[in-house]
Amino acid sequence: MGYGADAAKRAGGSGRIDLRSDTVSHPTPEMRRAMASAEVGDDVFEDDPTVIELEERAADLLGKEAGLFVASGTMGNLVSVMAHVPRGGEIITPAEGHIPNDEAANYAVVAGAGLRAVHELPTGEMPIDAVVDAIQDASDPHSAITSLVVVENCHAHTFSRPITPTYMKELRAALKPSGIPIHVDGARLFNAVVALNVSARDLVKDAESATFCLSKGLAAPIGSVVVGKKDFIFKARRARKLLGGGMRQVGILAAAGLVALSDGPEGTIKRLAEDHVNARVLAEALTSMKGVISPGHNAQPEGDRLDPNRVVTNFVIFKIEGGIKRRQKFLDELEKRGVLMVAYTHGQIRAVTHYGVDEADIQHVIKASSEALAASA
Ligand SMILES: Cc1ncc(COP(=O)(O)O)c(C=O)c1O
């Protein structure tokens, strides 16, 4: 099958083309080397030089005062909520966002926060008027106190669309009278940076804090970084400790993140553009296949042809005619052909391109999809 030898090696030799998520990507050889030789200290004493370097590098890239290395994107969001929001405060998030749907209600269980969900547009943006409308009246004793607005960039459920600096600026201006801070859940922030051809700094300059994942498209094995002002990071560090997330010789992991964020050829930011091209090629092929339809959710009307123009980063989201029963058959038939995609919310299917999946793999995925559609009809 058309599975490049190099890609097979990078994917751990499983021989499968795994498009379930970019989280399945394996570390690059340079990351493995950097991890093996990383200088370490005890990060709870704040003396691990590699962690310090990573946190400073991340803060500099995103134009913030300080950074904090955390275990995951979920932990990054949670410590940010804990640092920004008092118990009983309320956060505003996109309705289809990761925080309200995929973080085990940690904002409520751990942070003691309430949540108000605002429905997104097909761009992944929450309408600004609706955000302002969702702010509670702090002088009314019935109301929770709105304490944070979260923007997800890229917005995963709407084709992982990038949110623009213009939107961020408008949102900031609209929130100015209330002084409510903005947190960016930037699990895939660098996909947005590459797709929009803007700097990470510009993308988050109107937000008080941001978190991004090293372990998704950037291909590092573990970790996320939270950035913001020094006093915010101090509170986030305390929250991380409370959660048991203080780690010791963790420079071994931070070393991979430093490779990811490096400017040279070993860095993995610029190469995200390849994933975006691969996703687009896949979407263009899928759109002409009989049985493939638009996801219908936060996109075009359901039943239309999948619009490949929706794909500007590394997510392809679609549906197939015949409902969820046929979907499972299709996914099973794909797997028999060495391709993994994943059942997604609202009856959709998701395919995510990433490091380790090359052009030849995409051609194999296209052939396998066409065969799996026929076999599942
Ligand atoms: C938008 C978004 N935010 C946060 C996360 C959480 O990241 P992690 O899996 O590292 O906890 C994800 C994970 O897929 C995500 O897609």
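This is a predicted model: local features need pLDDT of at least 70, side-chain atom pairs count only at pLDDT 80 or more; totals for chains, interfaces and linings use all residues.
A cavity is a set of grid points where a 1.4 Å probe fits but cannot get out.

The lining of the largest cavity consists of Gly186, Ala187, Arg188, Leu189, Phe190, Asn191, Phe212, Cys213, Lys216, Gly217 and Leu218. Helix H9 gives the most, with 3 residues. Sorted by class, the lining of the largest cavity holds 6 nonpolar, 3 polar and 2 charged residues.

Two of these lining residues, Phe190 and Phe212, also belong to the largest nonpolar core, where they touch the most other members among its 51 residues. Helix H12 (residues 251-260) supplies the largest share of this core, 6 residues. Leaving aside residues up to four places away in sequence, Phe190 is in contact with Leu61, Leu62, Ala200, Phe212, Leu218, Leu261, Ile269 and Leu272. Another core, of 34 residues, lies apart from the largest one and includes Ile320, Leu334, Val339 and Tyr344. In soluble globular proteins, nonpolar side chains tend to be buried together.

The second largest cavity has a volume of about 30 Å³. Thr93, Pro94, Gly97, His98, Ile99, Pro100, Val150, Glu152 and Asp185 line this space. At least two lining residues come from each of strand S3 (89-94), helix H5 (98-102) and strand S5 (145-152), with H5 providing the largest share, 3 residues. The classes here are 4 nonpolar, 3 polar and 2 charged residues.

Terms used:
Residues are numbered from 1 along each chain as its sequence is written. Side-chain values use heavy atoms; hydrogens and water are left out. A nonpolar core is a set of buried Ala, Val, Leu, Ile, Met, Phe, Trp, Tyr and Cys residues joined through side-chain atoms within 4.5 Å. Buried means under 20% relative accessible area, exposed over 50%, partly exposed in between (1.4 Å probe, protein chains only). Helices (H or I, at least four residues) and strands (E, at least two) are DSSP runs, numbered from the N terminus. Contact means heavy atoms within 4.5 Å. On a 1 Å grid over the protein atoms alone, a cavity is a set of points where a 1.4 Å probe fits but cannot get out, and a pocket is an open set with protein on both sides within 12 Å along at least five of seven lines; lining residues have an atom within 4 Å of a point. Ala, Val, Leu, Ile, Met, Phe, Trp, Tyr, Cys and Pro count as nonpolar, Asp, Glu, Lys and Arg as charged, and the others, Gly among them, as polar. Grid points are joined across faces, edges and corners, and a volume is the space filled by probe spheres set on the points.
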